[in-house]
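We'll start with the overall picture and then work down to single residues.

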Amino acid sequence: MKIGFIGLGTMGRHMASNLQKAGHELIVHDVRREAAEPHVKAGARWADSPRAVAEASEVVFTSLPEPKDVEAVALDEKTGLLSGLTAGKAFFDLSTNSPTVVRRLHAVFKARGIHVLDAPVSGGPRGAETRRLAHRGRALS
C-alpha cells in the first residue's frame, strides 16, 4: 500500500519506520527535510508538500505537534492535503487534536468524499518505536 506520512518528529519518525518495516511504500514530508533522511535512505520517497504526499498516497497519516499544525497541513489551499486527496482516500490524524478542529476537518473532507479518522495515540516515543501505542481512534462519519 502507498502510505503518506507527515510529521517525522518524536513520535512520527518511529511510526513511519514501522510502516516501512512492514513493507509499505512510504511517501514522507516534514517541515524539516533532514527529519525525512533516515526514511528516504530506507526507500521512502520525499514529497515537497502535504499536497504532493496526498496525491501519491492511498492513505495519509499525520503526527503533528498542535491542532493549528494539523489544520494548516490539512487545509492550506495550495499545498494542503485537501487539495491533493480525492474521493475515497483516507486521512488519519494521529496527533492529539482539538475536538473543534477535528469536527471542522471532518465536515470539510466529508463534503469531498474523503474519509477522516481521528486516531490520537499515546505511549510516547518508546511506545511508537516498539509498536506498543494505545489509541482511541474513531470514525467521524
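Among the contacts in the chain with a separation of 6 or more, 59% are between residues 24 or more positions apart. Keep in mind that this is a predicted model. Its pLDDT averages 88 over the chain, and 84% of the residues score at least 70. Where pLDDT is low, the predicted coordinates should not be read in detail.

As for the parts list, there are six helices and nine strands. Of the 141 residues in the chain, 47% are buried. The accessible surface is about 7500 Å², and carbon and sulfur atoms account for 51% of that.

**The strands**

Let's take the parallel pairings next. Strand β1 (residues 2–6) pairs with β4 in the parallel sense over four bridges, with I3 standing opposite V59 in β4. From there, β4 and β5 pair in the parallel sense, again over four bridges, and V59 stands opposite A90 in β5.

What about the two faces? In a regular strand the side chains alternate between the two faces of the sheet. In strand β4 (residues 59–62), V59 and F61 point one way while V60 and T62 point the other, and all are buried. Strand β6 (residues 115–118) has a covered face made of V116 and D118, and an uncovered one with H115 and L117.

**The cores**

Which residues touch the most other members of the largest nonpolar core? They are I6, V60, L81, L85, F91, L105 and F109, out of 21 residues in that core. Helices α3 (50–56), α4 (67–75) and α5 each supply at least two residues, and α4 gives the most, with four. There is also a second, separate core of 18 residues, which includes F5, L8, W46 and A119.

L85 is in contact with A54, V60, F91, F109 and I114, leaving aside neighbours within four places in sequence. L105 sits in helix α5 (residues 99–110) and is buried, with a relative accessible area of 3%. Leaving aside neighbours within four places, L105 is in contact with V70, A74, L75, F91, N97 and V116. One of those, V70, is 35 residues away along the chain from L105, with 9.3 Å between the C-alpha atoms.

**Helix α1**

Is helix α1 (residues 12–21) enclosed or open? Seven of its 10 residues are buried, so it is largely enclosed by the rest of the structure. The buried ones are G12, H14, M15, A16, N18, L19 and Q20. After the helix comes G23, with a positive phi near 95 degrees.

A16, in α1, touches F5, L8, L26 and H39, not counting residues up to four places away in sequence. F5 and L8 are among the members of the second core. The C-alpha atoms of A16 and S63, 47 residues apart along the chain, are separated by 9.7 Å.

Q20 is also in α1. Leaving aside neighbours within four places in sequence, Q20 is in contact with L26, H39, A42, G43 and A44. A polar atom of the Q20 side chain lies 3.1 Å from the backbone oxygen of H39.

| Residue | Relative accessible area |
|---|---|
| L105 | 3% |
| Q20 | 16% |
| A16 | 0% |

Why does Q20 count as buried? At 16% relative accessibility, Q20 falls under the 20% cut-off.

How values were computed. Residues numbered from 1 in each chain as written. Predicted model: local features only at pLDDT ≥ 70, side-chain atom pairs only at ≥ 80, totals over all residues. Heavy atoms only, no water. Buried < 20%, exposed > 50% of the residue type's maximum accessible area, 1.4 Å probe, protein only. Contact = heavy atoms within 4.5 Å. Areas by Shrake-Rupley, 256 points an atom, 1.4 Å probe, with all protein chains shown as cover. Core = buried A, V, L, I, M, F, W, Y, C linked by side-chain atoms within 4.5 Å. Polar contact = N/O pair within 3.5 Å; in protein donor to acceptor, adjacent residues only side chain to side chain. pLDDT = per-residue confidence, 0-100. Pairing = 2+ DSSP bridges.
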